[in-house]
Structures are given as C-alpha cells and as structure tokens.
Amino acid sequence: MTETHAGGAGQDVVDILTTDHREMFELLGEIMTAPDAARRRELADTVIAEVMRHAVAEEMYVYPAVKKHVPNGAEEVEHDKQEHDEIVQVMKRLEDVDASDPTFMGLVGELQAQLRHHIDDEESDQFPKLRAAVPADELVDMGQKVQAAKKLAPTRPHPHAPHSELFHKTVGPGVGMIDRLRDKLTGRRTG
C-alpha cells in the first residue's frame, strides 16, 4: 500500500496528480472570493504556474505510460493533449488580462470549467485504468519523476509549444528556467 499524504516518499503518481487537482480547485475558489484585484492576480498567477507544472509533468511521464499500458491509450492521450492546449489558451488570455477587468472573472470561470472536465475524465476513467495496468512500484517511481519534473517545468503558458514528451524533456527545462527568472524579476508569485 502506498502512502497517501502529500509529499510522501511512497506516494504514487495518481495520488500526487489528484492532490494537484484539489489544490488547483482550492486556488480557483480563492480567486472567486478574493477581496481585491491584486490578490486575484496573485492567485491566478499561482494557479497558472501550478497547472503548467502539472500538465508538463503529465506529458513527460504519465502520457507515455497511458499510451503503453491503457487500452486505446494513444487516443486518450491525444484527447488529453487537445484539452491541455485549450486550457493553455485560456490561461494565456487570463495572464494577459488585468484582474480588475470584468473579463478576468469570466476567464477564471472558463478555466475552472475546462479543468473540471479534464480532471473528471482523468480521475474517473484514466487513473483507475493506469492503476490497474501498472505495478504499484512503477507508479511510485513515476510519481517521483513527476515531482522532479514539476520543479523544472515552465510556470507560464506557451500556446505555441508542442505538448510532447521530447519537447518537455529537452527544451522544457530551459523554458522553465527562463519563466522562473521572469517570475523573479517581475515579482510574479507562482506558489
């Protein structure tokens, strides 16, 4: 049996990604109740960074496993990548809108709806299939790789970047480094 607490050494990839999902929705909920535009912007920047880290790590390690082990996995992965692209497009628009602009909250709602759809698919269908098909020790190993990948992943949406394992493993760490440098120089908080 794997540990299920956040950050546990024996935590498997499904537990890690499910925890990420809960944290994303908590951040989105905080945006909805934030008292001012500055706090909404800060929370939106954090959720954007978290979604980017999560998506990149999935594309690097989870999607190859889904393709390999899950029936019709290649089709599922293509569908997921298309959803990631749609989510990235919304996040890019959200990143470019002032938090006091009336369209900001509409984009937050759109992001929340897209994430809910994507996450529901993963948690109700794909994750159980992955757990059934992949040995527990491999899921734990994949979880460790996902956690490491999230530390190097980009923190900003890049709508023109490919959603591919190869891109994320070769170019992604450099993009992530530039994003984190930009975040530091601009004072953007990302978690």
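The lining of the largest cavity divides into eight nonpolar residues, four polar and one charged. Here Ala, Val, Leu, Ile, Met, Phe, Trp, Tyr, Cys and Pro count as nonpolar, Asp, Glu, Lys and Arg as charged, and the others, Gly among them, as polar.

This is a predicted model, where local features need pLDDT of at least 70, side-chain atom pairs count only at pLDDT 80 or more, and totals for chains, interfaces and linings use all residues. Residues are numbered from 1 along each chain as its sequence is written, and side-chain values use heavy atoms, with hydrogens and water left out.

Back to the cavity. A cavity is a set of points on a 1 Å grid over the protein atoms alone where a 1.4 Å probe fits but cannot get out, and lining residues have an atom within 4 Å of a point. The count is one cavity of 30 Å³ or more. The largest cavity has a volume of about 80 Å³, volume being the space filled by probe spheres set on the points. Of its 13 lining residues, Val 51, His 54, His 84, Leu 115 and His 118 lie nearest the centre. Helices H1 (13-33), H2 (37-69), H3 and H4 (102-133) each give two or more residues to that lining; a helix is a DSSP run of H or I, at least four residues.

Next, Glu 95. Glu 95 is found in helix H3, residues 73-95. Why does Glu 95 count as buried? Because its relative accessibility is 16%, and buried means under 20% relative accessible area with a 1.4 Å probe, protein chains only. Leaving aside neighbours within four places in sequence, Glu 95 is in contact (heavy atoms within 4.5 Å) with Arg 41, Ile 48, Arg 156, Pro 157 and Arg 188.

How values were computed: Buried means under 20% relative accessible area, exposed over 50%, partly exposed in between (1.4 Å probe, protein chains only). On a 1 Å grid over the protein atoms alone, a cavity is a set of points where a 1.4 Å probe fits but cannot get out, and a pocket is an open set with protein on both sides within 12 Å along at least five of seven lines; lining residues have an atom within 4 Å of a point.
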